[in-house]
Amino acid sequence: MVRALGWLVVLLAAAGVAAAAPVSGDTEACLVCHGEVTPGIVGDWKASRHSRVTPAQALEREPLARRFSAPAAPPGTADVVVGCAECHTRNPDAHPDSFDHHGYRVHIVVTPEDCAACHPVERGEYAENLMANAHGNLMGNALYAHLIEAVNGLQTVEDGKLAAHPSDPLTDADSCLSCHGTRVEAGAVAPRETAMGEMEFPVLSGWPNQGVGRVNPDGSLGACSACHTRHQFSIEMARKPATCSQCHKGPDVPAYPVYEVSKHGNIYNSLAGKWDFDAVPWEPGTHFTAPTCATCHVSLLVSSGEVLAQRTHRMNDRSSWRLFGLVYAHPHPLSADTTVIRNRAGLPLPTELTGEPATEYLIGKEEQAARREAMQGVCGACHSRQWSDGHFERLERAVETTNAMTLSATQVLLSAWDKGLASGPAQGASPFDEPLERKWVKQWLFYANSTRFASAMGGADYGVFANGRYYLSENLREMADWLRFLEATAAKGE
């Protein structure tokens with residue numbers, strides 16, 4: 001036994017594992033090989049808080065400074081750090097991707113249900129978040145299935161005309177589902193050559209993926225690693241805007257480019273090197289001097305010991321409006337599962353095509369006011385009430401005007417559908433594939449969204465000439481011209 005332990009110490013030293021770290025025997029066994037085979041993973045883990053702090057130590061922190069929301073450590077883990085085995089061998093029977101690996105039952109996909117052993121509050125909040133339901137909300141919406149086909153489907157020229165073909169799973173996984181999340185399923189175990197020789201692993205479909213609404217093999221929804229990238233799972237990384245930019249950068253969700261040109265983004269890019277992104281709780285004026293995405297939507301904020309905003313992993317807890325992704329800005333849905341929503345026309349949309357909200361499925365004005373007040377509580381750390389009131393007054397106006405410009409574009413499209421110059425849902429067709437319809441999509445998905453984001457985040461010119469109001473106006477005029485062209489062509493019988 002002494003000789004075996006001696007060899008273990010030598011092997012651990014070769015793997016670069018600090019002898020002082022209270023690592024479990026099971027995790028030690030993982031590190032012996034993976035320090036050689038996947039040194040990047042081990043290096044990431046060694047740099048993490050997980051590798052340095054035991055659950056017992058985490059529970060000793062004052063409540064506001066605690067990052068551990070479980071009332072007690074999971075059985076057998078209190079006095080060892082959180083390592084490979086503590087995550088990848090947890091709940092093996094619940095994981096269809098579990099497989100026999102050197103005497104252990106290991107699963108590949110660590111899920112929110114595994115993280116809940118130490119972070120049940122965060123896991124519970126995230127499950128009620130639109131992000132956790134992002135896969136189902138997209139793929140379970142028959143109307144949006146047409147949009148996926150229109151974007152991802154292969155188009156070929158056949159007999160001088162364009163022919164559309166269905167999208168394929170690999171393309172969907174590489175595009176929309178990269179952020180929305182794939183459905184990861186475990187197939188049969190198959191042999192594979194590795195640096196350590198031939199081994200057997202389950203074959204995963206929908207993998208790799210770290211989308212916010214990933215459907216995991218154990219049935220849980222989401223990926224904590226979407227924001228807390230594995231294997232450091234860093235709170236610092238999750239608090240920096242570059243993390244959010246992974247999915248919030250394109251013209252459909254332009255939060256990151258708007259932030260970059262905002263006053264807040266300017267301060268961040270100039271001074272963030274002096275900020276403390278690891279402090280819990282986080283204090284404006286002490287640890288940082290301008291908000292990031294996490295400041296406004298997630299983080300626990302304090303001032304002189306008083307809580308300004310509670311930590312939340314329901315990302316819309318402080319948002320009164322749902323600004324993007326749908327035809328019109330509208331109050332947030334009551335349920336994170338938006339597949340239950342139907343408007344009066346029977347479409348899976350939270351508004352009518354003419355803009356009226358499907359109020360049965362959306363939060364009311366009282367809840368909207370409460371969420372705005374919560375957000376303004378964050379603003380109050382740096383700004384007067386007059387300042388933040390003025391800001392939100394402008395945002396309300398931006399919501400009003402962009403919805404109005406979208407309605408005008410929709411009226412043009414509805415006229416084309418009514419006159420048989422284009423085919424929409426009433427004709428059992430896609431509302432996203434014809435030229436006039438594509439311009440309609442640009443009106444709300446790109447230009448209205450950009451205008452609203454610029455207003456919400458102080459993006460100024462981005463919401464005017466970069467991708468906003470100028471294009472809202474230009475695109476609407478082009479839609480009207482295109483409708484007249486279709487009418488003239490139809491009149492000539494062409």
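Visitor: Two strands pair if DSSP finds at least two bridges between them. Which strand is β2 joined to, and by how many bridges?

Guide: β2 pairs with β1 (residues 98-101), antiparallel, through 4 bridges. Strands here are DSSP E runs of at least two residues, helices H or I runs of at least four, numbered from the N terminus. This is a predicted model, with local features needing pLDDT of at least 70 and side-chain atom pairs 80 or more, while totals for chains, interfaces and linings use all residues. Numbering starts from 1 along each chain as written, and side-chain values use heavy atoms, without hydrogens or water.

Visitor: OK, what stands opposite Arg105 in β2?

Guide: Asp100 does. The hairpin of β1 and β2 has 2 residues between the strands, and His102 takes a positive phi there, near 55 degrees.

Visitor: And His107, buried or exposed?

Guide: His107 has 0% relative accessibility, so it counts as buried (under 20%; exposed is over 50%, partly exposed in between, with a 1.4 Å probe and protein chains only). His107 belongs to β2, which spans residues 104-107.

Visitor: What does His107 touch beyond its neighbours within four places in sequence?

Guide: Its contacts (heavy atoms within 4.5 Å) include Cys87, His88, Arg90, His95 and Asp114. Ser262 is another story: the C-alpha atoms of His107 and Ser262 are 43 Å apart, with 155 residues separating the two along the chain.

Visitor: Switching to charges. How many salt bridges are there?

Guide: The count is 17, taking a side-chain nitrogen of Lys or Arg within 4 Å of a carboxyl oxygen of Asp or Glu. In one of them, Arg49 meets Asp278, with the closest N and O atoms 2.8 Å apart. Arg49 sits in the loop between α3 (39-46) and α4 (55-59), and Asp278 in the loop between α15 (263-271) and α16 (293-297), so this pair ties together parts 229 residues apart in sequence.

Visitor: Which residue does Glu128 bridge to?

Guide: Glu128 bridges to Arg314, closest N and O atoms 2.6 Å apart. Glu128 is in the loop between α7 (120-127) and α8 (134-139), Arg314 in the one between β8 (306-309) and β9 (321-322), so parts 186 residues apart in sequence get tied together. Glu128 is partly exposed at 47%, and Arg314 is partly exposed at 24%.

Visitor: Which residues are linked in a network of salt bridges?

Guide: Arg372, Glu373, Arg385, Asp389 and Glu396. Within that group, Arg385 and Glu373 have their closest N and O atoms 3.0 Å apart. Arg385 belongs to helix α18 and Glu373 to helix α17 (residues 365-379), 12 residues apart. Arg385 is partly exposed at 40% relative accessibility, and Glu373 is partly exposed at 43%.
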